[in-house]
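The following note is meant for a colleague who is meeting this structure for the first time. Please read the numbered points with the sequence and the model side by side.

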Amino acid sequence: MTEWFETWFDEDYARLYAHRDAEEARVALGRAMRVAPELTQGPVLDLACGAGRHLEILRRANPLAFGMDLSRPLLQMAPGGLRPWLLRGDMRQIPVKDGTLHGICLWFTPFGYFSDEENRALMMRLGALLENNGVLVMDYLNADLVARTLVPEETVERGVIRAQSRRSLEGDRLVKRMVLTRTDTGEVRDVLESVRLYHPTDLQEMAVRAGLRLRRVMGTYAGEAFTDDSPRWIGVFEKAW
Ligand SMILES: C[S@@+](CC[C@H](N)C(=O)[O-])C[C@H]1O[C@@H](n2cnc3c(N)ncnc32)[C@H](O)[C@@H]1O
């Protein structure tokens, strides 16, 4: 069975989320590198790096930073200079030796895509991949805010894409069903996003099991403190030993 995340992250995703751009990545990484200077040295993985908007900036500070993503179309959109530093593959099978990474970043919610069991296994693996004192930056949504302010129906138009979305909470997942229309060609397709909603305490508990200790939580890419109304939940963890 083909999973939603195998097909959705393509050129249409890039068009619809074009506002998630290099400037946002620059602000986020600038703050993250101050909170976690470990990111600036040694092997650091930008996991689910997409078209490399964060990796491009990170590599200016750290020439050993590299990225991994499942999406061929997004990887092909990455700047040519990043090519040697990009791996294609599933994050459930990261081809890296345990205990070797100085840092791992997951930018813009690439966590919670799988079953609860697989998500937990992924967190365990992230902990195992880090060397002692290594850092994990987990940029995730604010699950309570999402549940509290859910907009059930919405239409947005970005460039040549019109997206009619229906959002719902299904069990412990946020599910977004979209009908995408190419306004230039009239082409229509259906896509799905389905993300397990984890509360900050769930994430912290999972991280502790993986040998990680919370260093800082931020609620915005600019580094503001996390509150109930924060748009993001950005946890910076360190491997405790
Ligand atoms: C919301 S996007 C974030 C992309 C990027 N971090 C950014 O901020 O622009 C999620 C990313 O996760 C990638 N992804 C989804 N499932 C994956 C998997 N099983 N293994 C590796 N990457 C995956 C997608 O291809 C996509 O690039």
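This is a predicted model: local features need pLDDT of at least 70, side-chain atom pairs count only at pLDDT 80 or more; totals for chains, interfaces and linings use all residues.

Two strands are taken to pair if DSSP finds at least two bridges between them, and it is in this sense that Met-178 has Val-191 as its bridge partner in S9.

1. Domains. The domain assignment divides the chain into domain 1, made of residues 4-141 + 198-239, and domain 2, made of residues 146-194. The centres of domain 1 and domain 2, taken over C-alpha atoms, are separated by 24 Å. Where they meet, seven residues of domain 1 are in contact with 11 residues of domain 2. On the domain 1 side of this contact, helix H2, which covers residues 11-16, gives the most, with three residues. That side of domain 1 divides into five nonpolar residues, two charged residues and no polar ones.

2. The seven-stranded sheet. What is the order of the strands in the open sheet of seven strands? The order is S3-S2-S1-S4-S5-S11-S10, and the pairing is mixed. Strand S3 (86-88) and strand S10 (212-218) are the edge strands, each of them pairing on one side only. From one strand to the next, the twist averages 20°.

3. Strand S1 (residues 44-47) and strand S2 (residues 65-69) run parallel and are joined by four bridges, with Leu-45 standing opposite Phe-66 in S2. S4 and S5 also run parallel, and here five bridges join the two strands; Leu-106 stands opposite Met-138 in S5. Together with helix H6, which spans residues 116-129, S4 and S5 make a right-handed β-α-β unit.

4. How many bridges link S5 and S11? S5 and S11 pair in the antiparallel sense over seven bridges. Met-138 can be followed into this pair as well, for its bridge partner in S11 is Gly-235.

5. The four-stranded sheet. A further open sheet is formed by four strands in the order S6-S7-S8-S9, with antiparallel pairing. Its edge strands, each of which pairs on one side only, are strand S6 (153-158) and strand S9 (188-196). In this sheet the twist averages 20° from one strand to the next.

6. Pairs within that sheet. Six bridges join S6 to strand S7, residues 161-170, the two strands running antiparallel, and the bridge partner of Thr-155 in S7 is Gln-164. S7 and S8 pair in the antiparallel sense over 10 bridges, and here Ser-165 has Met-178 as its bridge partner in S8. Strand S8, residues 173-182, is joined to S9 by nine bridges, again with the strands running antiparallel.

7. The hairpins. Which residue takes a positive phi in the hairpin of S7 and S8? It is Gly-171, with a positive phi near 60°, in a hairpin that has two residues between the strands. S6 and S7 likewise form a hairpin with two residues between them, and Gly-159 in that turn has a positive phi of about 60°.

8. The ligand. The ligand is surrounded by 18 residues, of which Phe-9, Ala-48, Gly-50, Ser-71 and Phe-108 are the closest. How do the residues of the shell around the ligand divide? The shell holds 11 nonpolar, three polar and four charged residues.

Methods: Residues are numbered from 1 along each chain as its sequence is written. A residue is near a molecule or strand if its C-beta atom, placed from the backbone, lies within 6 Å of it. Ala, Val, Leu, Ile, Met, Phe, Trp, Tyr, Cys and Pro count as nonpolar, Asp, Glu, Lys and Arg as charged, and the others, Gly among them, as polar. Domain bounds come from an automatic or database domain assignment. Two residues are in contact if their C-beta atoms, placed from the backbone, lie within 7 Å. Axes are lines fitted to C-alpha atoms, for helices over the stretch in contact, and angles run from 0 to 180 degrees between N-to-C directions. A crossover is right-handed if, with the strands pointing away from the viewer, the path from the first strand over the helix to the second runs clockwise.
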